Amino acid sequence: MAKNVVRSIDGVSYEEWFGREPGSASEFGDLLRSFSEALRGEWLTAVRGNSEQGFCSLFFEKTGLAVWFGGGDRCKLRHSSQDSFGKDENFIEQCRQVFGKSLLAIYPGGRNASRSIIFLFGDKMMDSEHRKKRHETTKAVSLRLSYNEKEKRFVFTVDTVDVRDGVYGVMSTEKIPMTQDSYKQRVRNFQDGQMYEGLVDVAGKVKIPPVYRYIHLADFTRELYQVSVMSGDGQLLVGACAADGRLLIPCQYRDLYCLKVGYAMVMDQNNHFWVIDYDDNAIFGPSIYGVDIYGNTDKYLFYIEYWEDVGFECMGIYDVASKTMTAPAEYSYIKYRDDGMFDVVVARDRRRAVVDRFGNEQDLLFSQRNFKKR
């Protein structure tokens, strides 16, 4: 704790004044959401405090919000009356742009969330009498409040934020490499305080709505995205989405890998692997080892099993059409050839060979020059 922090305010101890301190970033976010609900719709009328002591008071129309920044990453807040403390400095100049605007939301800001608070203000807002009624807001102003402990001063940063339907605030937009005009957009939902990701084009038109916790490009040749949602019990579940917003594979798997040949390998809730197509139809599985994700044919999969004779995992041949394991998992390397055969390396003796889909070696193709390297 900073050495110069005042231990009492108007005869009331610090612990009594501020009460319990949030013990985690999650608790801190929950606390800010409760303040957001209580203060939504009110105008900011004054900001005063004492930088050296780390105290700051934000006065709204009917009530106030007291903030104390302590040493390290500590931050306490108190939803108080208009009578507050630390009125040595007037911070009106640093945050003049937000005066006269209605409070839309309060939420943590930055990576070190407990040391930074963002207040979002707009000209239009959700009706305080009917919280479920939405009013469209196109522009809003964010006021980021943080504390520079080294310089012993509050830092007020004002930015313009795009707001959609009075609910979503656009936090950042960045170009996705290896795509023509796709941009990942991170937004905050002011109703639940959570961050979500979506996809927009170069003009800002929504391609994938911001309803997913994370989005990343999983297959650039088809521009397919791995998307994820949070389940009710706190698990992150993934699926696959096309660039036009169509959900191809529902978010019900623990992990997902896009294969080169147009299938996806997923892990279910039992940690078993499956290979599915983009209509969520099972092609292979369940398996505790999965398949080779670098396979170069959609007619065959190279499934993986542990071979005790050699002491490591090996690959075999799986026929997609018949859904049958046609060759045993006895190879450390397999590649499909244009002539319908397979270049392999036999795991037992590291011998190169050419086999058919049943694992039968082809005598006429044994020469090294006929073995096609990956």
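This is a predicted model: local features need pLDDT of at least 70, side-chain atom pairs count only at pLDDT 80 or more; totals for chains, interfaces and linings use all residues.
Residues are numbered from 1 along each chain as its sequence is written, and side-chain values use heavy atoms, leaving out hydrogens and water.

Back to Arg-357. Which residue does Arg-357 pair with in a salt bridge? The partner is Asp-319, with the closest N and O atoms 3.4 Å apart (a salt bridge is a side-chain nitrogen of Lys or Arg within 4 Å of a carboxyl oxygen of Asp or Glu). This pair links distant parts of the chain, 38 residues apart: Asp-319 sits in strand S25 (residues 312–319), and Arg-357 in the segment after strand S28 (351–355). Helices (H or I, at least four residues) and strands (E, at least two) are DSSP runs, numbered from the N terminus. Asp-319 counts as buried, at 8%.

Glu-361 lies in the segment after S28 and Arg-351 in S28, 10 residues apart. Glu-361 is partly exposed at 31%, and Arg-351 is partly exposed at 32%.

How many salt bridges does a search of the whole structure find? The search finds 16. Among the residues involved, Lys-184, Arg-186 and Glu-197 are linked in a network.

Now look at helix H2, residues 25–39. Its 15 residues should span 21 Å at 1.5 Å a residue, and its end C-alpha atoms are 21 Å apart, which agrees (the expected span is 1.5 Å times one less than the number of residues). The buried residues of H2 are Phe-28, Gly-29, Leu-32, Arg-33, Phe-35, Ser-36 and Leu-39. Seen down the axis of H2, they fall within an arc of 165°, so they line one face of the helix (the arc is that of the directions from the helix axis to the C-beta atoms). Strands S4 (55–60) and S5 (64–69) are among what covers them (contact means heavy atoms within 4.5 Å).

Finally, Arg-40 and Glu-37 form a salt bridge of 2.7 Å, N to O. Arg-40 is buried at 6%, while Glu-37 is partly exposed at 34%. Just after H2, Gly-41 takes a positive phi of about 95°.

Conventions. Buried means under 20% relative accessible area, exposed over 50%, partly exposed in between (1.4 Å probe, protein chains only).
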